[in-house]
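Please look at the sequence and the structure shown here before reading on.

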Amino acid sequence: MAAFEVRGGQKLHGEIIPQGAKNEALQILCAVLLSPEPITISNVPNIRDVNKLIELLRDLGVKVGQLAPDTYMFQAEDVRLDYLDTPQFVAQARELRGSVMLLGPLLARYGRAQLPKPGGDKIGRRPLDTHFVGLEKLGAHLTLEGNDFYRMHVDGKLRGASMLLDEASVTGTANIVMAAVLAEGTTTIYNAACEPYLQQLCKMLVRMGANIQGIGSNLLTIEGVESLGGTEHRMLPDMIEIGSFIGLAAMTGSEITIKDCQIPELGIIPDTFRKLGIQLEFRGDDIHIPAQEHYELATYLDGSILTVSDHTWPGFTPDLLSIILVVATQAKGTVLIHQKMFESRLFFVDKLIDMGAQIILCDPHRATVIGLDRQKQLHGITMSSPDIRAGVALLIAALSADGKSTILNVEQIDRGYQNIDERLNALGADIRRV
Ligand SMILES: CC(=O)N[C@H]1[C@@H](OP(=O)(O)OP(=O)(O)OC[C@H]2O[C@@H](n3ccc(=O)[nH]c3=O)[C@H](O)[C@@H]2O)O[C@H](CO)[C@@H](O)[C@@H]1O
Ligand SMILES: C=C(OP(=O)(O)O)C(=O)O
């Protein structure tokens, strides 16, 4: 298990380029299974989860060519379905959440798919019911083995259907969309998730020949087509990485410019950081965060304490709440962080409390943060990263803290952040991978 040794208290300075979006990449990579023609994808992040999915696709028989460090060509001409029956496949699929999105494309193109319970962050219950109910509405049959292995098949072809999803699941919507594009007839998906990841997936599928109306809304109408062709696709910059860098700049009092952010795609993210009192300047498509000694939390108009909570898109993404929480520990004022979607994502606050932060964990979903306004610096400790975003929140805390911190289990961070130690060291951080 690798660890980071972090010497905190350095001011960072300079420009940083965000990587391509992790959660978009996982959808787009699964979609290459929908066509026998070549698909070229650029701005692919070099991170553990994405590299594992690329390896899995290669083992499934997809031709994979790396054209440049961040650009790949995929061709799913001869897919080896028998690979799905091997222990290697099961082990690979268990390692990441994104593998769940193999189901839709495999069913649509080959009429059969199977998967163990996928991996990903252990942040509470992560039900897959929306995926299966949606795919069953399209005519697929599910057989459960134990409660952690799923087999699906279709007799003949998938058929379009109307459905109202019980929850706007991100990967669930992606799975259903990828199945519906090759189904016979019309599918309508109401209460569809509409994160930029999904908008990007739908736009790519349209370029491949799919017929999808309502992209960006929660009502998608899909007219199935016989087959899909090849295309080229470029991944958006990772909005979660951009938010993490905004938080890092504020917490360490550093001046940082985040390059080429595709600002219109960030939704409510910049304004949510502004509510923490963080100044952000848009310079063309770059976000400049000036060095700020103090930042003050907003209150509601009547003076009551601010709540920051997660919501499905276009609400605030749950993947940035851990970052908001850590940044609030050095703000002036008080905020309630309400993580509605996941049950075990706030437990990492114990580590921040050990570092000197003033936080009350009210229950598994809510934490009140009383900002220190830099009257007291956090101090370095040894801690372990429980999940990808908590890991980066702890890294931000460590970079702002007095003294040395050790963060164990940084494989969690490597799942979603590309060479984060080297990129932050280039801005003046002191992180050693040991
Ligand atoms: C690989 C990938 O893309 N992972 C992302 C994806 O996971 P994933 O697609 O697994 O997450 P889902 O959108 O299915 O659900 C997330 C959680 O929110 C709950 N829920 C969801 C929708 C809803 O309307 N009500 C509700 O309560 C679900 O029960 C679940 O506990 O979306 C999550 C929610 O943005 C992100 O945190 C993950 O980073
Ligand atoms: C929860 C996340 O990832 P995954 O769904 O891959 O576990 C995340 O990216 O914050």
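The shell around ligand 2 has one nonpolar, three polar and six charged residues. In this classification Ala, Val, Leu, Ile, Met, Phe, Trp, Tyr, Cys and Pro count as nonpolar, Asp, Glu, Lys and Arg as charged, and the others, Gly among them, as polar. This is a predicted model, in which local features need pLDDT of at least 70, side-chain atom pairs count only at pLDDT 80 or more, and totals for chains, interfaces and linings use all residues. Residues are numbered from 1 along each chain as its sequence is written, while chains are lettered from A and ligands numbered from 1 in the order in which they are written.

**The two ligands**

The residues that surround ligand 2 are Lys22, Asn23, Asp49, Arg97, Gly120, Asp121, Asp319, Ile388, Arg389 and Gly416; a residue is near a molecule if its C-beta atom, placed from the backbone, lies within 6 Å of it. Helices H1 and H12 each give two or more residues to this shell. Helices are DSSP runs (H or I, at least four residues), numbered from the N terminus.

Ligand 1 is surrounded by 19 residues, the closest being Glu167, Ser169, Val170, Thr171 and Met341. Here the elements giving two or more residues are H1 (22–31) and H6 (170–180), and H6 provides the largest share, three residues.

The chain is divided into domain 1 (3–19 + 237–433) and domain 2 (22–234), with bounds from an automatic or database domain assignment. Their C-alpha centres lie 31 Å apart. The contact between them takes 18 residues from domain 1 and 16 residues from domain 2, where two residues are in contact if their C-beta atoms, placed from the backbone, lie within 7 Å. On the side of domain 1 that touches domain 2 there are five nonpolar, five polar and eight charged residues. The shell around ligand 1 draws at least three residues from each domain, and the shell around ligand 2 likewise draws at least three from each.

**A pair of helices**

Helix H10 (residues 321–328) packs against helix H12 (residues 388–400) at an angle of about 20 degrees, and their axes are 8 Å apart. Axes are lines fitted to C-alpha atoms, for helices over the stretch in contact, and angles run from 0 to 180 degrees between N-to-C directions. H10 and H12 are therefore roughly parallel to each other, a term for angles under 35 degrees. The residues of their contact divide into eight nonpolar, one polar and one charged.

Terms used. Parallel < 35°, antiparallel > 145°, perpendicular 65-115°, else oblique.
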